[in-house]
Amino acid sequence: MEYVNYIALGCSIAAFALSLIACARIGKFVQATVDTDWETLANLTGDIAALKRTAQTLNNRLNGMNKAVVPQDQIIQQMLEHQNVEQIRRGG
């Protein structure tokens, strides 16, 4: 049962080390954002919204490029059918 105590001690030391690393990262973040005001936050929010719209537009364009292309023969056939319908309607 002695090995269980060593495993528990090792896990607690690892948890303590990870908490120290987390505290250091939080301290760096707080120091980096100490002079951030509401205007800067609003500007960042607007920039993020613009980037999101740009990404959505790009995705929409890429999705449009991947759509199946209708064969040219089929388009010509549909045009001819449409012209025939127009001629019938006009009485020609």
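I started with the surface: the chain has an accessible area of about 8,800 Å², and 63% of that belongs to carbon and sulfur atoms. Areas come from the Shrake-Rupley method with a 1.4 Å probe; for residues, only the protein chains shown count as cover.

The model is predicted: local features need pLDDT of at least 70, side-chain atom pairs need 80 or more, and totals for chains, interfaces and linings use all residues. Residues are numbered from 1 along each chain as its sequence is written, and side-chain values use heavy atoms, without hydrogens and water.

I checked burial next. Of the 92 residues, 0% count as buried (under 20% relative accessible area; exposed is over 50%, partly exposed in between).

I then looked up the fold. I found 3 helices and 0 strands (DSSP runs numbered from the N terminus: helices H or I, at least four residues; strands E, at least two).

Val4 sits in helix H1, residues 2-32. Val4 is partly exposed, at 38% relative accessible area.

Technical notes: Buried means under 20% relative accessible area, exposed over 50%, partly exposed in between (1.4 Å probe, protein chains only).
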